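Open the model in your viewer and keep the selection panel at hand. The stops below follow one another; select each as you reach it.

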Amino acid sequence: MTPTAATSAMQTTLGHPTASAILFFFLIVAMTLVITYWAAKKTKTASEYYAAGRSVSALQNGFALAGDYMSAASFLGIAGLCALKGYDGMIYAIGWLVGWPALMFLIAEPLRNLGKFTFADVVSFRLKQTPVRIASAIGGILTVLFYTIAQMVGSGNLIKLMFGIPYEAAEVIVGCVMLAYVLFGGMLATTWVQIIKAVLLLTGVTVLTLLVLSKFGFNPGNIYAAASQQYGQAALEPGSLVTSPLDAVSLGLALMFGLLGLPHILMRFFTVPDAKAARVSVLYATGFIGYFYIIIPIVGFGAAVLLSGGSGADGKAILGRVLIADIDKGGNMAAPLLAELLGGTPFLGFIAAVAFATILAVVAGLTLAGASAYSHDIYVSVIKGGKATEHEQVKAARIATVVFGVVAVLLGILFKGQNVAFMVGLAFAIACSANFPALLLSILWKKFTTWGAVSSILVGAFLSVGMIIISPTVWGDVFGNKVLGPNGQMISAGLISLKNPAIVSMTASFLVGWLVSILKPEPRARELFEDEKLRTYLGVGAE
């Protein structure tokens, strides 16, 4: 990192290795690798690899769900968005929380009773296996890939700034450590890494929030008043990030319903013994996640206010937003910078190491979900016709894991410099378009058919990905297409103006699934609905 006038105004060790950062980093990595070694000795069968032998308790799964969900986007991304964009950053905190009650009441119990390893087990329960599983694997892998991009970008920035190494090398390091977890430990190792990471993250962010509040008389209102004084009333009003009402509604739909289509979250319900434990685990997770999202905006606004200081060449005071954006244009380093300011270099080392553990745990869960979509849904169920041995299933999962890990590293390098919360918002748009409509309709609608499911998944997946590619987010920010804005500045341009496609792609997915099912009825699927309903609500025949 080359210091500029802004960064030189604040003394920071980011970009330079410190003893405390290295110590905490290796301590957490060593702890998680020990867990992986322990888990590897217990992971022999496909059930143990994919679902931890269904031995995880409700409380453990609640912590693991929270650990899987409170990602780099939640910690680094939302803090950065609140710091740079103000009120609009809080949209992500609220949106990512409100989907959990819907998950508990609509999906958790049917998923546990109907499924085995992946959400495709549920969608294909009374439908033709091969076409539904192929479509589900495509939707699942696309969702997981976009979600992984955000985690890889966050981890690359973090390691680069912690150790002063090139971003690309940092991406490779993250990929190697993550692969070690998943290849050898499977879901059991991933679960315990997520539990430890959730406890560390909640502890670290709580301490950071208390340090911020101590500067403002433990009154959050004083923080927002200071932000308004420094950046104007606009900092506390919507419109700085999401300027269009249509974009705001579309983003809200994606953040709320995307959760119900995330493969790595849905997989966690197969690790508990029964449907009751699945529901209770969501209750625990909602509590942990709700608490986290209440306090993380305080960290973001605190960073924007407290990091201000020094003066530029023109003699004017340099605001916190300038300092934060100067170090990372996506704002992802706001929380680590604030930790250093309030707790010194040792606290920075701890927060950075916790953020890294956060990313590793989430990427491990995502990789396991992506690998299982191929190995269980395509290789075992389609290619092998459901007749693969335990050894063949685990071997296929590990090969898929390696391929997925390499692709994740390459995509992380391509999307360098993007805000991680914003990138995850796009993954949620794909999840709520490709996976959620088919999953919900297969559980609730008697007339849903095989080709209704396939068309719903494929239309939702490819329409959402296509719209993201031609939106200003990718067409402009990633591919570098710019136009002259109304104020004379260059702004990102896309072939469409909508930044988040959920309102179009999710609606299209539901409509296509309904229309194809009506036009091409499937009597056998309708007959099997009563059997499915019995198992959905009573658990008869569930593993």
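Start at Glu530, which is partly exposed at 39% relative accessible area. This is a predicted model. Lys446 sits in the loop between α18 (436–444) and α19 (450–469) and Glu530 in helix α23, so the pair ties together parts 84 residues apart in sequence.

Next, select Asp121, Arg133 and Asp377. Salt bridges with shared partners join these three into one network. Zoom in on Asp121 and Arg133, whose side chains meet at 2.8 Å, N to O. Asp121 belongs to helix α7 (residues 120–123) and Arg133 to helix α8 (residues 129–163), so this bridge links parts twelve residues apart in sequence. Are they buried or exposed? Asp121 is buried because its relative accessibility is 7%, under the 20% cut-off. Arg133 is buried as well, at 7%.

Move to Lys384 and Glu392. Their side chains form a salt bridge of 3.6 Å, N to O. Lys384 is partly exposed at 32%, and so is Glu392 at 26%. The whole structure holds seven salt bridges.

Return to helix α23 (residues 529–538) and show the surface. Leu106, Leu444, Leu534, Tyr537 and Leu538 make a nonpolar patch of about 490 Å². Helix α23 gives the most to this patch, three residues. Tyr537, in helix α23, is partly exposed at 48% relative accessibility.

Last stop: helices α4 (residues 58–69) and α13 (residues 275–306). Their axes come within 7 Å and cross at roughly 45 degrees, which makes α4 oblique to α13. The crossing is right-handed.

Conventions. Residues numbered from 1 in each chain as written. Predicted model: local features only at pLDDT ≥ 70, side-chain atom pairs only at ≥ 80, totals over all residues. Heavy atoms only, no water. Patch = residues over 30% accessible without salt bridge, like charges linked within 9 Å, V, L, I, M, F, W, Y side chains within 5 Å. Areas by Shrake-Rupley, 256 points an atom, 1.4 Å probe, with all protein chains shown as cover. Salt bridge = Lys/Arg side-chain N within 4 Å of Asp/Glu carboxyl O. Helix = DSSP H or I, 4+ residues; strand = E, 2+ residues; numbered from the N terminus. Buried < 20%, exposed > 50% of the residue type's maximum accessible area, 1.4 Å probe, protein only. Axes fitted to C-alpha atoms, helices over the stretch in contact; angles between N-to-C directions. Parallel < 35°, antiparallel > 145°, perpendicular 65-115°, else oblique. Left-handed = near helix turned anticlockwise from the far one by under 90°.
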